[in-house]
Amino acid sequence: MYLRALDRRDILALVAMHRAIVGPAMSWSAAMLERQLWDPNHRHGRHVVVAVDDGTIAGVAGWVDVGREFFGSPVLARDDRAASLLVDELIARARTAGAAWIRIGCADSEDHKRAVLVARGFSVQLHFVTMACAAEPRDAAPPAGLVRVPLATVAPEVLREMHDASMLEIDNSGPMSLDDARHLQARAWPDGSGVWFDGDRPTSFLITVRDCEPIDHALIDQVGVAPHWRRRGIARALLDHAIDVAGQAGALEVRALIASSNRASLALHAAAGLREISRREMLQLNLV
């Protein structure tokens, strides 16, 4: 078994592997996985390696390094041999990068990967909770005076500033680059995304992604409200907007992925009618 660089022709095999690991209800589509592996955080595919065993793809590992923080994501492995090879590769890269710690996620069905992580000294740091509700038309009027501007028409610098102001205190979220902002604008679902302004002042933003697998759904990727605009019902109004436009567009479900440490966001989504449907461990290994 050996590691090689990622190739776009690997996508279908990786999608099939992911479906076999997590089951059809939580599997990624080819479009979703491709967007993830070739995003700016993964250096457009350069920060991804593929495990190959006798000519067959046995796993994949991507990594995102942000200063002293190092994230292994996604990490898929069909067995313990592939998991060992990929995890050891990520640990070595994290050490070379001078990271303080490395985090890797693990679903309930990934017993072989969890065993490898625990054997290397990883322990559970937090969970990522997937919440969902039916997509349905709602009364989604924004707070008085705010005007929605299409995401694609907003300067990337504005989106970056909005993200960093509203997200930096959230665990597992790092600063956004202009390349990240442009990538989000390009991949977002236009109807379910936008930036809300008070005159010429941006107050909040919503990014959703539309996908057809495992069912037709809208994923709430990011919701952010500038600190001085909080506690005015804006975040809830943005969630209602996402659910409303998804229902009107014919989607069956709206989903969101939230860190268990972000209690305010969990409560917000629950109040909007989303309920937990799955949970994924995030394990961490301290390197210093």
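This is a predicted model: local features need pLDDT of at least 70, side-chain atom pairs count only at pLDDT 80 or more; totals for chains, interfaces and linings use all residues.
Accessible areas here come from the Shrake-Rupley method with a 1.4 Å probe. The accessible surface of the protein comes to about 12,700 Å², and carbon and sulfur atoms hold 52% of it.

Now for the overall build. The chain forms eight helices and 12 strands, and its C-alpha trace spans about 60 × 40 × 30 Å along the principal axes. A compact globule of 288 residues would have a radius of gyration near 19 Å, so the 19 Å of this protein agrees with that expectation. Among contacts with a separation of 6 or more, 69% join residues 24 or more positions apart.

Moving inward, buried residues make up 51% of the 288 in the protein. In soluble globular proteins, nonpolar side chains tend to be buried together. Here, the largest nonpolar core has 29 residues, and those with the most contacts inside it are L206, I220, V223, A246, V254 and L274. At least two residues of this core come from each of β6 (123-134), β10 (217-225), α7 (234-248) and β11 (253-259). The largest share belongs to α7, with eight residues.

Leaving out residues up to four places away in sequence, A246 touches A135, W189, A218, A251 and V254. Elsewhere in the model you can find a second, separate core of 25 residues, with A83, L90, I104 and L117 among them.

Notes
Residues are numbered from 1 along each chain as its sequence is written. Side-chain values use heavy atoms; hydrogens and water are left out. Helices (H or I, at least four residues) and strands (E, at least two) are DSSP runs, numbered from the N terminus. The radius of gyration is taken over C-alpha atoms; the globule rule is 2.2 Å times the number of residues to the power 0.38. Buried means under 20% relative accessible area, exposed over 50%, partly exposed in between (1.4 Å probe, protein chains only). Contact means heavy atoms within 4.5 Å. A nonpolar core is a set of buried Ala, Val, Leu, Ile, Met, Phe, Trp, Tyr and Cys residues joined through side-chain atoms within 4.5 Å.
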